[in-house]
Amino acid sequence: MGRIRVLVVDDHRIFAEALAAALAAEPDVEVGAAGSAAAAERALERAAVEGRAFDVVLIDADLGSEAAVPPGPRGPARAGPEPLDPARRRPAPAVPPPRRPAVPPTGPGVRPDPQRSEHVRAEQVRTDQLRPVAPPPDGITLLGRVRRSHPGLRAIVLATADDPHRAARALHAGATGWVAKESSLARLLAVVRGVLRDETHLPPALLTGVIRELTTARRDRTESERLVDTLTPREKQILRCMVAGLGRQAVAERLYLSPHTVRTHMQNVLGKLGVHSTLAAVAVARRAGVSPAEPAAPPSVASTS
């Protein structure tokens, strides 16, 4: 075996740099480090283009989890609540309902009020600060992406705790190893060399829980497959269109049917799958491995001479 190229992906910079330095001390290991999902994908693409593709990627299971919680508008959170004195405890004052803002007069000859405009902008800023922020993808989501784009890459998850559900999810996404961050460097190196021999490495304490998780997932998939098999060929076509996110009119145009006929087929699909919404039907279809309908081919243009 030649030199092993390893990419460490962890948003805790001290940990990532320390681990990279420890691995680089091995004579047959070359190491790179990335602090985010985007940086990791760029590093993998660049290495592949340069002909120096990475062999193994080590991904933090909790990658980006701290970035998912934005700081509050009033500064950093306090270390903890102060103890309450029972003698000084008072009932919370009633909060009056919010007042609806008055609609400013509009029309010709009405000049805008600059103070009111500033007040509206301030209220908008406060509203924006209260809107939920979509969390970035975690390490296991990134793992699935890089395994799809780089099929020859081996992926190992670095975790702070043994979680059978997440470990099963990681295996399903394409991981071949799960290593606790508290493990020794010798253990990590053994797993890195093992996955390059097409071995799968899990801590013994996780095996029973992971097998249970995978068995449950397999049972759910089998039941979903049984339900999908009750559909007629036309209903399966309809279901694939639903998985692709097509609405009733789009399905009708795709399959050359009337919207009323499509509606009837969709109702039959929901009934046979035992669900009450399109979203639930799509969930059953995905568990059964139903692929979405292919995009419609663009119409051909006949050439004139």
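Author: In this predicted model, five strands form an open sheet whose order is β2-β1-β3-β4-β5, and the pairing is parallel.

Reader: Which strands stand at the edges, and why is one side of each left without a neighbour?

Author: The edge positions belong to β2, residues 29–34, and β5, residues 177–180; each has a single partner strand, so one side of each has no neighbour in the sheet. Neighbouring strands of this sheet are turned against each other by 25° on average, if direction is ignored.

Reader: And how many bridges are there between β3 and β4?

Author: Strand β3, residues 56–60, pairs with strand β4, residues 154–159, over five bridges in the parallel sense. Within that pairing, Val56 has Arg154 of β4 as its bridge partner.

Reader: Which strands does helix α4 lie across?

Author: Helix α4, which covers residues 139–149, lies across β1 (4–9), β3 and β4, and runs at about 160° to β3.

Reader: Stepping back to the whole chain, how many helices and strands does the secondary structure come to?

Author: The protein chain has 11 helices along with five strands. Of contacts between residues at least 6 apart in sequence, 70% join residues that are at least 24 apart.

Notes. Residues numbered from 1 in each chain as written. Predicted model: local features only at pLDDT ≥ 70, side-chain atom pairs only at ≥ 80, totals over all residues. Heavy atoms only, no water. Helix = DSSP H or I, 4+ residues; strand = E, 2+ residues; numbered from the N terminus. Contact = heavy atoms within 4.5 Å. Pairing = 2+ DSSP bridges. Axes fitted to C-alpha atoms, helices over the stretch in contact; angles between N-to-C directions.
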